[in-house]
Amino acid sequence: MQTTLLLTWATGYIGSHAVVAFEQAGYKTVIIDNLSNSSKDSLDGIEHILWYKPDFFEGDIRDKDFLRSVFSRYTFDGVIHFAGLKAVGESCTLPLHYHDNNIGGSIALFQVMEEYSVRKIVFSSSATVYRADNISPLTEDMPLGTTNPYGTTKLVIEELLEDLARLGTWSVIPLRYFNPIWAHPSGHIGELPNGIPNNLLPYVLDVAIGKRKKVSVYGDDYPTHDGTGVRDYIDVCDLVDAHLAAYKHLALWYTPINIWTGKGSSVLDMISLVEKVTGVTVPYEITTRRPWDLATCFASATRARELLGWQATRTLETSLENGWKFLQNQLKGYSEPV
Ligand code: NAD
Ligand code: UFG
């Protein structure tokens, strides 16, 4: 019998790619999202790839009656939980909103999962749960601690899930990652945030297509090879493959797992790469550091390799070509599926 999963997002960036990956791997996916940071356009993109639209319900995960109305229609095997607000800067000015949405939403979701005896979950956590004074490469047993409300919401949800796993009836894997990038190779789905992008790559691409004038590079005096921040950028398709591997390996345990490539690139490296692949010059200016940024952040992917048999396979060049193709498609607009 086909396994049915609930995906709490999936009109969002990573979620839309996960829907495609899980459907192509033989799962039936059911999507919920309140469209607060996404639109139904991504369902059209998914349809271009799959030739059908998965079941979608618009609603808020804080609304337990809404959740029950979805849970009562299906027999879910488990949940891939991505829904959440994710802008670190915004979380510092709206901490109550972040705690209410991310933690409140997760508690409501876990309560309804318990009511319906659905106790398997892969949770989209973040590397921001690691204490800032840990030295990269980060490993899963390093001390945890956060510096901003967004990170705190991720840590609290992890702790809550660990408490549930201690009951002996829940199977939980939080995946900790940081910088997913680009798009599906079809060019039909990719990162399309509502409003001004918070993350580097969508901003750089907005500049490359002429939508914005220049990139602000947040600091060039970090102790890195060119002074700008170094991150481990991971192709979104590698990332969703890790979710598939994690779901298959769920057991009665709680195991956080880092999902990384193990290779770091600076802000200026990424701007040069965009220029090389697109052939477009990307103007930038050096500005002040963001208060929460680290100089370098990357992690060991050993546990992912050993426990899940997963490792990243896509190159940054391939990822960028896919991202560029997606943006060109967006500029053209979608036609009906052919
Ligand atoms: P996204 O904003 O594209 O997707 C999140 C989705 O959640 C959006 O579609 C939004 O509308 C939905 N949502 C938010 N609150 C909701 C609510 N209360 N009820 C229902 N839907 C709600 O973000 P993404 O980049 O796809 O990230 C997905 C998850 O991965 C998030 O939890 C994020 O914190 C986590 N994450 C992202 C990154 C990254 O850099 N993109 C890194 C680490 C972790
Ligand atoms: N950067 C710029 N200019 C920009 C945007 C970013 O120079 O316009 C730099 C940042 O300073 C950093 C790098 O590009 O050095 C990457 O920044 P992003 O905002 O793209 O990503 P972060 O590493 O800050 O964010 C990641 C995840 C979040 C997570 C956060 C925790 O995307 O989900 O780490 O700090 F919460």
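User: How is a polar contact of a ligand read, and which residue has a polar backbone atom 2.7 Å from an oxygen atom of ligand 1?

Analyst: A polar contact is a pair of N or O atoms within 3.5 Å. Here the residue is F82, whose polar backbone atom is 2.7 Å from an oxygen atom of ligand 1. The side chain of K86 also places an N or O atom 2.7 Å from an oxygen atom of this ligand, and for the side chain of S124 the value is 2.6 Å. On its own, ligand 1 exposes 810 Å², of which the protein buries 97% (Shrake-Rupley areas, 1.4 Å probe).

The model is predicted: local features need pLDDT of at least 70, side-chain atom pairs need 80 or more, and totals for chains, interfaces and linings use all residues. Residues are numbered from 1 along each chain, chains are lettered from A and ligands numbered from 1 as written, and side-chain values use heavy atoms, without hydrogens and water.

User: How many residues surround ligand 1, and which helices and strands supply at least two residues of its shell?

Analyst: A residue counts as near if one of its heavy atoms lies within 4 Å. By this criterion 27 residues surround ligand 1, and the closest are D33, N37, F82, S124 and Y150. At least two shell residues come from each of α1 (13-24), β5 (120-126) and α6 (149-166) (DSSP runs: helices H or I, at least four residues; strands E, at least two). The shell holds eleven nonpolar, eleven polar and five charged residues, with Gly counted as polar and Tyr and Cys as nonpolar.

User: Which residues come nearest to ligand 2, and which strand gives the largest share of its shell?

Analyst: Y150, L200, S216, R231 and D293 come nearest among the 18 residues around ligand 2. Strand β8 (residues 215-218) gives the largest share, three residues. By class, the shell has eight nonpolar, seven polar and three charged residues.

User: What are the polar distances of ligand 2 to S216, D293 and N179?

Analyst: A nitrogen atom of ligand 2 is 2.7 Å from a polar backbone atom of S216. An oxygen atom of the ligand is 2.5 Å from a side-chain N or O atom of D293, and an oxygen atom is 3.0 Å from such an atom of N179.

User: At what angle do the axes of α9 and α11 cross, and is the crossing left-handed or right-handed?

Analyst: The axes of α9 (residues 267-278) and α11 (residues 316-332) come within 10 Å and cross at roughly 65 degrees. The crossing is right-handed. M270, L273, V274, K276, V277 and T278 of α9 meet L316, E317, L320, E321 and W324 of α11 (heavy atoms within 4.5 Å). That contact comprises seven nonpolar, one polar and three charged residues.

Methods. A polar contact is a pair of N or O atoms within 3.5 Å; within protein, one must be able to donate a hydrogen and the other to accept it, and residues adjacent in sequence count only if both atoms are side-chain atoms. Axes are lines fitted to C-alpha atoms, for helices over the stretch in contact, and angles run from 0 to 180 degrees between N-to-C directions. A crossing is left-handed if the near helix is turned anticlockwise from the far one by less than a right angle, and right-handed if clockwise.
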